[in-house]
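Let's walk through this structure together, one question at a time.

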Amino acid sequence: MSCYPNAGLPDEEGKYLETPTTLAAQLEKFADHGWLNFIGGCCGTTEKHIRAIAQMVEGKKPRQRPADSHRAVYSGIEAIEAEDSTRPLLVGERTNVIGSRLFKNLVAEEKWEEASEIARRQVRGGAQVVDVCLQSTERDEKKDIPPFYGKLIRKVKAPLMIDTTDATAIELALTYCQGKSIINSINLEDGEEKFERVVPIAHEFGCIDEDKLQAQAFTRERKLAIAERSYKLLTEKYGLGPEDIIFDPLVFPCATGDENYIGGAVETVEGIRLIKQALPEVRTILGISNVSFGLPAGAREVVNSVFLYYSTKAGLDLAIVNTEKIERFASIPAEERELAENLLFSHPPKDVPADHSSVRLLRDVPADWRKQTKEQRAAVNQYHIARIAEHFRITKRKEKARAADLPLDERLGNYIIEGTRDGLIEDLERKRAEGAAPLDIVNGPLMAGMAEVGRLFNANELIVAEVLQSAEAMKAAVSHLEQFMEKADTAKRGEVVLATVKGDVHDIGKNLVEIILKNNGYDVVNLGIKVPPEELIKAYQVHKPDAIGLSGLLVKSAQQMVTTASDLKDAGIEIPMLVGGAALSAKFTETKIAPSYGKAVCYAKDAMTGLRLMNELMDPATRETVLRNHTASGNGVSVSTIVTVKEVPAVTRSPRVRGDLPIPDVATLERKVRLVPDLREVWSYINPFMLYGRHMGFRGDFEKRFAERDPKAVELFESMEEVKREAAKFMKVRAVWQFFEAEAEGEALNLFAPGAKEALHTFQFGRQRMRDFLCLSDYVLPARDGKRDHVALFVVTAGEGIRERAEKAKNEGYYFKSHGLQALAIESAEASAEWLHRRIREDWGFPDPPEMTMAQRFTSRYRGKRYSFGYPACPNLEDQAGIWRLLKPEEIGVQLTDGFMMDPEASVSAVIFQHPDCTYFSVGDAPES
């Protein structure tokens with residue numbers, strides 16, 4: 001492991017500001033952790049820096065090289081590794097003619113643009129690999145591959161999985177793939193024939209070679225040599241037509257300051273030229289944007305466009321680009337074009353200021369970068385990086401000012417789309433001064449903006465957090481205009497009654513629906529949580545709404561919706577019903593809830609789907625179609641299913657779980673109650689994927705995007721930090737936990753006071769009916785020599801006062817704050833569960849190793865597991881009562897509802913087992929008939 005950093009980042013004059021002392025001090029942390037084998041300095045370091053580093057590491061132990069590992073890495077333009085902290089990798093499956101009717105129809109109609117958009121939506125939705133299957137009995141797969149893959153590789157950077165049993169189709173598809181793709185699949189059905197045809201291609205294809213000194217071709221000569229070698233193998237040995245071969249000559253970033261990459265853009269352009277001259281029938285491809293990595297966004301667009309222009313002139317056939325961020329070469333201002341050319345081609349600088357720190361190196365520089373000295377190359381590169389970066393910092397500010405030149409209606413819509421109030425009130429007044437009625441402004445440009453927000457969200461171009469910001473802007477606009485409206489004026493599009501069903505305390509999703517509907521012209525009556533059917537019936541009679549919306553989180557809530565739907569039907573209610581929640585699905589809605597109601601029941605997978613459904617229901621042109629498509633056949637007759645069950649073998653303990661392990665001691669059997677004082681420590685255990693991804697709607701790898709300083713990720717992080725600062729003033733994290741002696745008796749788990757013979761409480765768990773026949777009681781070791789194993793129970797909460805504060809923020813129009821507080825509280829409770837579980841492992845005598853990462857904790861890479869009632873291994877939510885009997889969590893402010901859910905919502909309960917064989921499983925598996 002080697003680390004040789006710059007002496008900081010260069011300023012606009014190319015100076016590096018880290019001193020020998022400060023650089024050595026920062027590197028000392030790496031050395032003290034034993035992370036390094038090689039250490040040194042890169043750009044900006046001097047002999048004084050190296051001397052200070054050498055003195056710092058004297059006597060320190062180098063990193064011990066671990067045993068060789070067999071790493072599985074897959075790549076497109078971007079790479080991903082299949083290892084413990086990333087399991088499972090998500091493979092998008094919808095670009096498959098067998099698995100997706102939509103994709104199959106688009107392929108049949110040869111709508112390649114629309115078909116490839118499905119892949120892009122998958123990646124934006126979190127897919128890390130894209131599976132592509134074009135093999136069917138109805139079409140010629142090999143004719144479909146070129147037009148589809150030709151579109152696809154311009155749209156996704158993720159690795160591709162080539163899903164076909166035809167070896168020739170695999171060959172053809174691979175010519176379009178960069179990096180290391182996954183072949184799905186080859187087999188031995190026909191002996192070794194497919195191995196002989198496919199494996200050599202997988203080994204040899206592309207610009208990655210087995211030459212350890214220069215595996216990734218950098219020079220133009222090396223690129224040509226590898227292309228010629230691959231060409232000869234593919235055409236002469238394997239008979240592949242030259243027109244089916246696409247070479248990627250590779251391009252390296254030109255603006256990172258890395259001396260190893262200087263000149264890379266020139267070499268790539270010239271490499272393309274040499275390949276096309278030597279092998280005129282092959283195709284070439286590049287991932288263009290890699291060349292500009294490290295530059296400001298405006299500079300990247302220009303550098304990418306200029307580089308694409310010169311690469312195309314040299315013979316480039318295919319380019320992977322962001323088509324929305326590429327400018328026509330002729331439209332780029334001459335000054336910006338020259339800045340990009342100077343950087344790409346390492347041109348000698350002109351008119352260098354006499355006081356420039358590197359003026360000596362920047363004079364009399366050869367035009368050909370290969371003839372420049374090493375010092376000249378670095379100086380020229382840094383000079384051009386500083387020039388172009390400074391130019392686009394200024395240009396960006398100029399572009400922002402041009403928004404004022406837009407037509408007034410467009411500006412008003414943009415305030416909503418961008419979720420900003422800066423200038424909104426002033427422009428609303430300008431619109432009123434033109435004579436526009438307030439209601440016309442709401443129904444005109446403002447509602448047009450909200451419609452565009454919906455479109456952008458459905459196209460995966462906006463996240464939940466941004467939709468909330470748009471709703472805040474809409475609320476501010478309407479609130480300002482209401483003072484000028486006549487009493488008879490209304491922007492009402494319809495009325496909806498919302499409720500979380502009986503027994504359920506979860507309302508974060510329902511509140512989001514309320515915000516979206518209210519700011520799209522709907523009146524919303526929010527009945528809150530734990531709403532029984534009779535209260536819904538009463539609300540219907542009072543408000544006469546156009547629709548009823550039901551929400552619930554767990555499986556038990558989904559079953560309650562069936563009961564509620566039946567009660568509403570018996571009360572003579574026939575208006576459309578919208579349902580949503582984590583445990584719901586379209587199938588459950590169609591086969592269970594809709595038959596119980598007998599009228600239209602629409603499944604809304606998210607808030608924006610709910611808005612779309614309401615808009616369609618309130619539009620006379622689409623209402624009847626929606627009602628017809630969402631009304632169950634049979635006039636309310638329930639669906640019945642016949643299940644044949646095989647006899648289950650008599651199993652009292654899973655053969656997978658060892659019983660002969662030593663029983664560990666625990667530190668104490670006392671009940672512990674704590675107010676966790678350090679919120680910052682708890683928040684360090686928050687899973688970023690859950691907070692920023694699931695709750696705030698960020699699509700993709702948030703941590704990776706934030707590390708890359710992706711603007712959307714940075715803005716979301718900073719907004720949530722504001723919420724944290726507010727929450728730190730009042731949020732309380734409380735916990736109660738205790739170890740209990742435990743013995744298993746078949747599927748029963750008996751818990752005892754210390755040394756007692758009579759059980760304090762018995763949990764009755766389910767056992768798998770097939771596979772490993774697992775049951776949670778199996779994870780308790782048999783007692784021996786008078787010594788029992790133990791389990792731990794805990795309840796944690798971060799929900800005190802959250803619902804009231806979130807409601808207050810929502811009513812005041814601070815929608816992001818409202819939603820963010822609820823999300824933060826929920827994930828703070830999950831984080832405190834992770835934090836407490838770590839402490840419990842320490843009390844059990846097996847603390848986490850110092851090198852354990854949070855990512856490993858989030859995927860349970862420690863000894864033992866914790867299980868919560870209502871989830872697959874212990875689905876009986878009523879067992880929560882046992883935890884309440886033993887721990888009395890009321891003392892920390894957590895109550896059980898009639899439906900055995902925790903109130904407040906931001907609470908977590910669990911049973912912890914220490915057995916090293918613990919795994920997560922479902923007891924819902926039944927033998928196949």
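Q: What makes helix α30 mostly covered?
A: Helix α30 spans residues 880–887, and six of its eight residues are buried. Buried means under 20% relative accessible area, exposed means over 50%, and partly exposed lies in between (1.4 Å probe, protein chains only). The buried residues in α30 are Q880, G882, I883, W884, L886 and L887. Helices are DSSP runs of H or I with at least four residues, strands are runs of E with at least two, and both are numbered from the N terminus. Just after α30, K888 has a positive phi of about 55°.

Q: What kind of model is this, and how are its residues numbered?
A: This is a predicted model, in which local features need pLDDT of at least 70, side-chain atom pairs count only at pLDDT 80 or more, and totals for chains, interfaces and linings use all residues. Residues are numbered from 1 along each chain as its sequence is written, and side-chain values use heavy atoms, with hydrogens and water left out.

Q: Why is Q880 called buried?
A: Its relative accessibility is 2%, so Q880 counts as buried. Q880 sits in helix α30. Leaving aside neighbours within four places in sequence, Q880 is in contact (heavy atoms within 4.5 Å) with F869, L896, F900, M902 and S909.

Q: Why does R220 count as buried?
A: R220 has 12% relative accessibility, and therefore counts as buried. R220 belongs to helix α8, residues 220–237. Not counting residues up to four places away in sequence, R220 touches V266, E267, E270, G271, L274, W369 and R370.

Q: How do you describe the packing of α1 and α2?
A: Two packed helices are described by the angle between their axes and the distance between the axes. For helix α1 (residues 20–32) and helix α2 (residues 47–57), the angle is about 35° and the axes are 9 Å apart. Axes are lines fitted to C-alpha atoms, for helices over the stretch in contact, and angles run from 0 to 180 degrees between N-to-C directions.

Q: Which residues of α1 and α2 meet?
A: From α1 come P20, L23, A24, L27, E28 and A31, and they meet K48, H49, A52, I53, M56 and V57 in α2.

Q: What is the confidence of the protein chain?
A: The mean pLDDT (the predictor's confidence in each residue, from 0 to 100) is 83, and 87% of the residues reach 70 or more. Over residues 634–645, however, the pLDDT is below 50.
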